[in-house]
Amino acid sequence: MIKLLFAEVHLYGRMHIKSHVLLSCFKLLPLHLCGGLRGCLLVKRQSTLAMYQAVERGSPNTTDYRIYFRNASGPISPLHDIPIFADASKKTYNMVVEIPRWTNAKMEINLKEVLNPIKQDVKKGKLRFVANCFPHHGYIWNYGAIPQTWENPEVLDESTGCKGDNDPIDILEIGFRVAKRGEVLQVKVLGTVALIDEGETDWKIIAIDVNDPLADELKDISDVEKHFPGLLKATVEWFKIYKIPDGKPENQFAFNGEAKSREFAHHVIDDVHKYWCSLIKKEAEAGGISCANVTNAESPFKIEQKDAEDIIAKSPQPGLPHPVESIVDKWHYIHLK
């Protein structure tokens with residue numbers, strides 16, 4: 001059983017299922033084999049992992065690499081078919097992890113492809129890796145998106161004075177555990193900062209995994225500085241400078257970089273969820289976004305499960321990771337004016 005937990009398996013024909021799904025097997029083990037507190041957290045986490053499975057296709061570190069998603073019924077879109085809420089009564093949200101902490105590969109939900117798999121961003125024909133801006137290495141939180149949200153590029157945000165960036169809303173998970181790419185976390189929202197990225201509003205929701213040991217201690221954004229001193233300052237700095245090594249100017253923030261409260265963040269999420277509802281019902285211009293889904297009965301974009309299966313079946317077979325150029329590990333020393 002324990003060996004099985006760290007194995008990779010092939011289910012549903014030849015589709016490659018990421019091994020972290022098998023963490024749910026821990027619920028079959030006696031508590032003394034689960035490793036104390038960490039084991040307890042794994043037992044609590046198994047229900048979410050059992051609901052969603054990440055399916056790897058192609059070879060990592062290539063333009064063919066994709067991560068598709070399945071639930072118990074079959075393939076789904078992580079953007080359109082995973083509910084926004086993990087528990088609406090508790091105001092906890094689902095988070096799709098695109099980029100684990102301390103990694104550089106710029107992975108994101110692909111808006112243009114059917115079923116919206118996670119893929120690595122490509123710039124000028126090359127896979128995109130975010131630069132290491134000293135003292136930061138890669139992303140300094142688990143980074144991802146809240147499903148069933150959309151920052152409408154045609155709507156002017158009254159708080160920032162800028163239109164949306166045409167993406168699902170970003171979320172930064174600050175807990176102790178390094179998540180896995182393609183994992184779906186249940187998170188508690190604490191607040192938000194408003195990045196202005198090349199003239200567009202790009203909200204960054206700050207949250208913590210509900211299973212983190214400190215989750216109950218964190219009630220609002222003010223508690224972040226208390227329990228994670230320096231993290232909010234580092235977060236603003238990270239976003240200001242991360243594109244400078246690529247020759248772009250320093251990014252700016254609304255509210256002078258001040259983090260807004262939990263309640264404010266909930267209102268922002270409510271707004272972008274409403275925009276997504278318009279999108280999925282074809283009440284707003286999609287602008288090239290694939291809205292194909294398998295669960296939204298009122299959506300004209302709903303497709304049959306067998307068609308979703310065919311999409312994954314026709315994608316490249318899983319392969320071994322390709323090597324990454326050593327330049328990805330380079331430190332960049334940035335001086336802000």
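**Figure 1. The accessible surface and overall make-up of the predicted protein model.** The model is predicted, and local features need pLDDT of at least 70 while side-chain atom pairs count only at pLDDT 80 or more, although totals for chains, interfaces and linings use all residues. Residues are numbered from 1 along each chain as its sequence is written, and side-chain values use heavy atoms, with hydrogens and water left out. The protein has six helices and 18 strands, which are DSSP runs numbered from the N terminus (H or I over at least four residues for helices, E over at least two for strands). Buried residues account for 53% of the 337 residues, where buried means under 20% relative accessible area, exposed means over 50%, and partly exposed lies in between (1.4 Å probe, protein chains only). Among contacts between residues at least 6 apart in sequence, 67% join residues at least 24 apart, a contact being heavy atoms within 4.5 Å.

**Figure 2. Helix 5 and its buried face.** Helix 5 covers residues 262–280, and its 19 residues should span 27 Å at 1.5 Å a residue, which agrees with the 27 Å between its end C-alpha atoms; the expected span is 1.5 Å times one less than the number of residues. The buried residues of this helix are A265, H266, V268, I269, V272, W276, L279 and I280. Seen down the axis of helix 5, these buried residues fall within an arc of 160 degrees, so they line one face of the helix; the arc is that of the directions from the helix axis to the C-beta atoms. An α-helix has 3.6 residues a turn, so residues three or four places apart point the same way. On the face of helix 5 turned away from its buried side, the exposed residues E263 and K274 are found. The cover over the buried residues of helix 5 includes strand 7 (92–99), strand 15 (184–197) and strand 16 (200–209). After helix 5 comes K282, whose phi is positive, near 65 degrees.

**Figure 3. Strand 13 between its two partner strands.** Strand 13 (residues 142–145) is covered on both faces, with N142 and G144 buried on one side and Y143 and A145 buried on the other. Strand 7 and strand 13 run antiparallel and are joined by three bridges, and strands count as paired if DSSP finds at least two bridges between them. Within this pairing, A145 in strand 13 is the bridge partner of V96. Strand 13 also pairs with strand 14 (residues 170–173) in the antiparallel sense, over four bridges, and here E173 in strand 14 is the bridge partner of N142.

Figure 4. The structure holds 14 salt bridges, each defined as a side-chain nitrogen of Lys or Arg within 4 Å of a carboxyl oxygen of Asp or Glu. In one of them, the side chains of D202 and K204 meet at 3.0 Å, N to O; D202 counts as buried at 6% relative accessibility, and K204 is buried with a relative accessible area of 1%. Another salt bridge links K281 and E298, whose closest N and O atoms are 3.9 Å apart. Both K281 and E298 lie in the loop between helix 5 and helix 6 (305–313), so the pair ties together parts that are 17 residues apart in sequence. At 37% relative accessibility K281 counts as partly exposed, whereas E298 counts as exposed at 66%.

Figure 5. A cis peptide bond, with omega of about 5 degrees, joins F134 and P135, and P135 is found in the loop between strand 12 (132–133) and strand 13. In the loop between strand 7 and strand 8 (107–109) lies W102, which has a positive phi of about 70 degrees although it is not a glycine. N116 likewise is not a glycine but has a positive phi, of about 50 degrees, and N116 lies in the loop between strand 8 and strand 9 (118–120). W102 counts as exposed at 51% relative accessibility, whereas N116 is buried, with a relative accessible area of 0%.
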